[in-house]
Amino acid sequence: MKRSNIIIVICLVALAAGSCQKKYDEYASNPNKPSSVPPGLVLTGILSDMNADRPWSLVTRWCQFDCCNYNYYGDQRYDWTGAGLNYSTLTNVIKMEEEAKKISEFEQKGYNALGKFFRAWFFYRMTNLVGDLPLQDALKGAGTPAPAYNTQKDIFIQVLKWLEEANTEMAALVAQNDGKIEGDIYFGSKKAWQRVINVFRLRVLIALSKKEADADLKVKQTFAAILGDAAKYPIFTSAGDDLKYVYNNINKYPSNPDNLGFDATRYNMSATYLNTLVQLEDPRAFVTAEPATRQLTANKKTPADITAYVGAPSGEDLAAMSSKMSSVDTADYSLRSRSRYYANYSAEPGILLGYTEMCFNIAEAINRGWVGGSAEEWYKKGIKTSLAFYAIPVDAPGVFNKVYPFGSLNAVTYPISFDFENTYYQQATVKYTGNDATGLQQILLQKYLAFFQNSGWEAYYNWRRTGVPAFNTGTGTGNSSRIPKRFQYPTSERTTNADNWGKAVKNQFGGTTDDINGDMWLIK
């Protein structure tokens with residue numbers, strides 16, 4: 001072949017190769033899968049993930065607020081295996097921050113401040129469930145396939161550091177422009193998020209009550225600093241500041257008219273919650289539960305008689321509980337209130353972090369001697385705000401109505417009289433005894449009652465930390481009639497990060513067993 005012909009062939013091959021590469025690149029790019037998204041869109045997804053531990057879920061059964069009486073739908077067993085962790089959501093936090101670099105510097109700073117809060121929020125949740133965790137190396141991607149574990153103490157130190165930085169950064173933004181962060185589904189201002197950051201830090205500090213003497217954590221000093229400087233560390237001033245997920249006809253409340261006929265009678269109230277309300281003659285029983293029908297028929301009580309409300313022991317054998325609830329007309333235990341929780345798609349907001357809890361946390365801190373002030377004042381605020389959530393009159397004697405039965409043309413309205421100050425609060429079991437052990441028990445018990453169907457795992461975390469209230473155990477709760485202290489690590493950790501997982505288990509629990517009954521550093 002002549003030299004000129006060879007050159008022509010080479011050129012044609014080169015052109016064809018370039019054309020093929022161009023076509024390949026065009027086909028390899030999927031126009032339906034964007035490579036970039038607005039940070040606000042990623043933010044919306046992260047905020048939705050915060051509501052993962054929703055009302056009437058397994059979590060609320062493990063907090064002993066309610067029970068499942070039909071094994072097809074579930075049970076009360078604590079035979080825990082691998083925890084559900086939030087690393088995928090934290091990856092989205094990093095993505096949100098990366099996308100925010102493409103917008104204005106001021107807007108970017110808002111996403112960065114929230115990014116630190118989200119890291120604190122989700123690592124707090126995860127370490128509470130399992131103990132030590134990969135933190136520093138956890139989000140470095142494929143380049144670190146076997147991330148090392150950080151101790152739980154180091155995780156809490158980092159969580160508190162993130163929250164301090166988030167408050168400082170959000171305060172600077174508020175001073176410039178207290179507008180909404182695009183994609184936010186909870187609030188319309190940055191100042192609202194600054195309050196959330198500081199109230200969440202109070203929750204974290206209370207969770208560290210067993211470590212109050214640790215010089216590295218500075219638990220008491222930090223709590224006092226937050227309460228002592230409202231300008232630098234704004235906190236909630238009312239329930240209107242709550243971080244809450246509002247349900248509607250699209251994002252439906254977990255119990256709603258769609259599943260009324262399927263599971264409304266398959267769940268009943270737990271004794272740990274409901275029987276405590278009955279003992280305290282607490283009107284929240286009328287609002288959250290229905291009377292046990294056996295009490296209405298065999299014992300001739302009415303829905304206005306608080307002793308007609310009966311919860312089931314969580315530790316009861318499931319077969320026995322199922323038998324006692326086999327007929328709605330002769331049920332031994334109270335169902336959840338169908339008129340409140342099944343009547344529409346937006347029964348009540350799901351509170352993630354609330355003013356009520358904050359009041360009890362401050363009362364506890366005062367009781368423990370961390371800060372000055374009146375524990376009784378904050379204790380009363382907490383109770384009254386919880387009662388007001390259910391539209392129970394608290395500022396003056398009043399009446400609210402109990403309508404029973406649900407969905408019947410023959411429903412009867414029963415007026416319930418209530419006087420907070422002169423009757424309910426004057427009970428020896430309710431009136432604050434002072435900054436002593438009994439007073440602390442009262443604060444913790446009322447905080448538990450206020451956590452009903454909100455705040456995810458907090459009722460369990462508080463029980464684990466304090467033993468209040470006494471959780472019921474038995475055949476129905478499994479785990480050899482013990483309430484576990486933690487979840488195991490996910491199976492993926494044991495298979496893909498075995499060396500680091502093994503070291504973490506040994507360092508925490510002194511052996512090779514990933515023990516759900518083992519005490520993590522936080523509660524030692």
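Ser480 is found in the loop between H19 and H20, where helices (H or I, at least four residues) and strands (E, at least two) are DSSP runs numbered from the N terminus. The structure is a predicted model, in which local features need pLDDT of at least 70, side-chain atom pairs count only at pLDDT 80 or more, and totals for chains, interfaces and linings use all residues. Residues are numbered from 1 along each chain as its sequence is written, and side-chain values use heavy atoms, with hydrogens and water left out.

**Backbone features**

Ser480 has a positive phi of about 55 degrees although it is not a glycine. Its side is exposed, at a relative accessible area of 63%; buried means under 20% relative accessible area, exposed over 50%, and partly exposed in between (1.4 Å probe, protein chains only). Asn479 lies in the loop between H19 and H20 as well. Asn479 is not a glycine either, yet has a positive phi of about 50 degrees; at 10% relative accessibility, this residue counts as buried.

Two cis peptide bonds are described next. One joins Val468 and Pro469, with omega about -10 degrees, and Pro469 lies in the loop between helix H19 (458-466) and helix H20 (491-496). Another joins Tyr404 and Pro405, with omega about 0 degrees; Pro405 belongs to the loop between strand E5 (398-404) and strand E6 (412-418).

**Aromatic pairs and charges over rings**

A pair of aromatic rings is described by the distance of the centres and the angle of the planes. Rings of Phe, Tyr and Trp (its six-membered ring) pair if their centres lie within 6.5 Å; planes under 30 degrees apart count as stacked, over 60 as edge-to-face and the rest as tilted. By this rule the count comes to 52 aromatic pairs. In one of them, the planes of Phe65 and Tyr273 stand at 90 degrees with ring centres 5.7 Å apart, so the pair is edge-to-face. This pair links distant parts of the chain, 208 residues apart: Phe65 is in the loop between helix H3 (58-62) and strand E1 (66-68), and Tyr273 is in helix H10 (residues 271-279). Tyr70 and Tyr73 form a tilted pair, 5.7 Å centre to centre with 40 degrees between the planes.

| Residue | Relative accessible area | Class |
|---|---|---|
| Phe65 | 1% | buried |
| Tyr273 | 0% | buried |
| Tyr70 | 31% | partly exposed |
| Tyr73 | 28% | partly exposed |

Arg266 lies over the face of Tyr70, at 4.0 Å from the ring centre. A charge sits over a ring if NZ of Lys or CZ of Arg is within 6 Å of the ring centre and within 35 degrees of the ring normal. The charged end of Lys380 is likewise placed over the ring of Tyr425, 4.7 Å from its centre.

**Helix H8**

In helix H8 (residues 219-228), the residues Val219, Thr222, Phe223 and Ile226 are buried. Seen down the axis of H8, these buried residues fall within an arc of 100 degrees, so they line one face of the helix; the arc is that of the directions from the helix axis to the C-beta atoms. They pack against helix H7 (190-207) and helix H15 (355-367), contact meaning heavy atoms within 4.5 Å.
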